Amino acid sequence: MIPDLTRAAGVPRLVAVSHPMGQPFGRPGDAERQRAVLRAMLELLASAPGPGSVVDLPFEWHQTPAQARNASKDLPQSPIAELLMKKPWLVPNLYTGRIPQESDAATRMSDHP
Amino acid sequence: MAIDSYRFLDFATRQIMKAWAARLEPGVIPFTPLAKPLRECTVALLSTAGIARNDDRPFDQEGERRNPWWGDPSFRTIPLGTTEKDVRLYHLHIDTRPGEADLDVVLPLRRLAELAGEGVVGRPAPSHYSIMGYILDPTELLERTVPAIAERLRAEHVDAVALAPA
């Protein structure tokens, strides 16, 4: 959904689609779109000529970007967004991926199921 | 039409995603050709939407609230036949309501079964997987979670996996 980022991560095959986050295969109830996106992913397994193959799906979204953003406006801010509002000097850490050490970053190990 | 999903993001998130994309170095991209025709392949799906069954452990959101630089790097198994009635999505960075209204929005198990019925793929795997996509430090994901998922995929003779960001 953010094909730049997925491509930069070096995936073997990539299907790019312009859908809002949280709805990669299409909106609820849109079985036809969901099937088309999944089918394109599966067919690329066989048709990709080599590493880094990209297929663009030229699908329209039924909302404008503003409408799509507004639909999620009532959600609470994420913990990192809240933190960075309070401590804006830490914003560069998020950009660069340098996780601040003072923030109790003791990597917690959750048990594997 | 260029595929531009940045347009759905707020300004701050867009800038961060662009910075991450510019910073990442793909290096050598792995590639394994399919070993058999697609119509004979067993296929599994993996979603980053933070899906957990109601009879399984939720992803740890309290841990992330305590330390917003941390995200739960574990995974959950989602058996074939699971629907939106059986799950919740634990992800503090996306709108989880569409995926909770219709699981095929994030993990299209019914669509996969339909495509298998049409002969596009061989069969859906018995097990599918979810992780939670907000993980700034991927060390544990790469060192523990990914090998554990790969081991299960091999045990179920899965030929191909479709990874879906959320």
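This is a predicted model: local features need pLDDT of at least 70, side-chain atom pairs count only at pLDDT 80 or more; totals for chains, interfaces and linings use all residues.
In which sense, parallel or antiparallel, do S1(B) and strand S7 (residues 160-164) of chain B pair, and over how many bridges?

**View 1. Strand S1(B) beside strand S7(B).** The two strands pair in the parallel sense, over five bridges. S7 covers residues 160-164 of chain B. Within this pairing, Leu46(B) lies opposite Leu163(B).

**View 2. Strand S1(B) beside strand S6(B).** S6 spans residues 127-130 of chain B and runs parallel to S1(B), with two bridges joining them. Leu46(B) faces Tyr129(B) of S6(B) here, while in S7(B) the residue opposite Leu46(B) is Leu163(B).

**View 3. Strand S1(B) beside strand S5(B).** Strand S1 (residues 42-47) and strand S5 (residues 123-124) of chain B run parallel and are joined by two bridges. Val43(B) has Pro124(B) as its bridge partner in S5(B).

**View 4. The contact between chains A and B.** On chain A, 60 residues are in contact with 66 residues of chain B. At least two residues of this side of chain A come from each of helix H1 (3-8), strand S1 (13-17), helix H2 (31-47), helix H3 (65-71), helix H4 (79-86) and helix H5 (91-96). H2(A) gives the most, with nine residues. By residue class, the side of chain A that touches chain B consists of 34 nonpolar, 18 polar and eight charged residues.

Technical notes:
Residues are numbered from 1 along each chain as its sequence is written. Chains are lettered from A and ligands numbered from 1 in the order in which they are written. Two residues are in contact if their C-beta atoms, placed from the backbone, lie within 7 Å. Helices (H or I, at least four residues) and strands (E, at least two) are DSSP runs, numbered from the N terminus. Ala, Val, Leu, Ile, Met, Phe, Trp, Tyr, Cys and Pro count as nonpolar, Asp, Glu, Lys and Arg as charged, and the others, Gly among them, as polar. Two strands pair if DSSP finds at least two bridges between them.
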